[in-house]
Amino acid sequence: MPRGFFERYLPKADSIRERPLLRPIRHLLHEPALWHLHRGSVGNACFVGMFCAFVPIPGQTVLAAAMALALRCNLPIVLALVQVTNPITLPPMFFFAYRLGAWLLGVEVTASEFELSWDWFQGNLHQLWQPLLLGSLICGWVSGVTLMLTARLLWRLHVIRRWRERRARRRARAAA
């Protein structure tokens with residue numbers, strides 16, 4: 001993937017560091033590895049962002065940022081990918097994860113009396129948490145690894161294409 005593509009759309013490090021809410025951890029945000037754009041940093045950020053997007057807890061963004069700080073991968077990409085889980089995508093993502101976890105655990109899916117409310121969720125949490133957690137971790141792992149490998153492969157293919165173009169230009173100049 002071209003570095004310029006990411007640089008064009010991702011926020012600058014200074015604009016993130018200066019946000020008032022980040023004042024308590026501002027000293028951690030001066031780590032250069034959090035802002036570098038290279039194949040490893042982007043690939044690892046893809047894994048962390050997608051894995052955390054599937055974690056069924058409130059505060060996925062905080063978890064993703066903490067993992068990015070610990071693993072020193074590109075913070076803006078991690079934070080952007082966590083936003084895959086939003087109010088529109090959350091129900092189908094977590095329902096699929098629940099169904100996968102229930103299938104793997106051999107548990108019967110109990111969605112006959114589904115009600116979209118916090119009270120229903122709290123009342124049925126004892127039935128839901130194991131299949132949902134297992135399915136979410138598996139979905140997060142698989143989607144994270146898939147996106148990480150895809151990003152690394154696309155980055156590598158882009159580099160190879162650029163090398164070939166550069167070699168062809170050099171040969172054309174030498175022949176002229």
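This note goes through the overall make-up of a predicted model and then looks at helix 4.

1. The secondary structure of the protein consists of seven helices and zero strands, so that reading from the N terminus gives the order α-α-α-α-α-α-α.

2. Of the 176 residues in the protein, 34% are buried, and carbon and sulfur atoms account for 65% of an accessible surface of about 11500 Å². When contacts between residues at least 6 apart in sequence are considered, 72% of them join residues at least 24 apart.

3. Helix 4 covers residues 60–71, twelve residues in total, and its span of 16 Å from the first C-alpha to the last is close to the 16 Å expected at 1.5 Å a residue. Helix 4 is followed by R72, for which phi is positive, near 55°.

4. Which residues of helix 4 are buried? They are Q60, A64, A65 and A68, and, seen down the axis of helix 4, the buried residues fall within an arc of 130°, so they line one face of the helix.

5. What covers the buried residues of helix 4? The cover includes helix 3 (39–53), helix 5 (75–82) and helix 6 (90–105).

How values were computed. Residues are numbered from 1 along each chain as its sequence is written. This is a predicted model: local features need pLDDT of at least 70, side-chain atom pairs count only at pLDDT 80 or more; totals for chains, interfaces and linings use all residues. Side-chain values use heavy atoms; hydrogens and water are left out. Helices (H or I, at least four residues) and strands (E, at least two) are DSSP runs, numbered from the N terminus. Buried means under 20% relative accessible area, exposed over 50%, partly exposed in between (1.4 Å probe, protein chains only). Contact means heavy atoms within 4.5 Å. Accessible areas come from the Shrake-Rupley method with a 1.4 Å probe; for residues, only the protein chains shown count as cover. The expected span of a helix is 1.5 Å times one less than its number of residues. The arc is that of the directions from the helix axis to the C-beta atoms.
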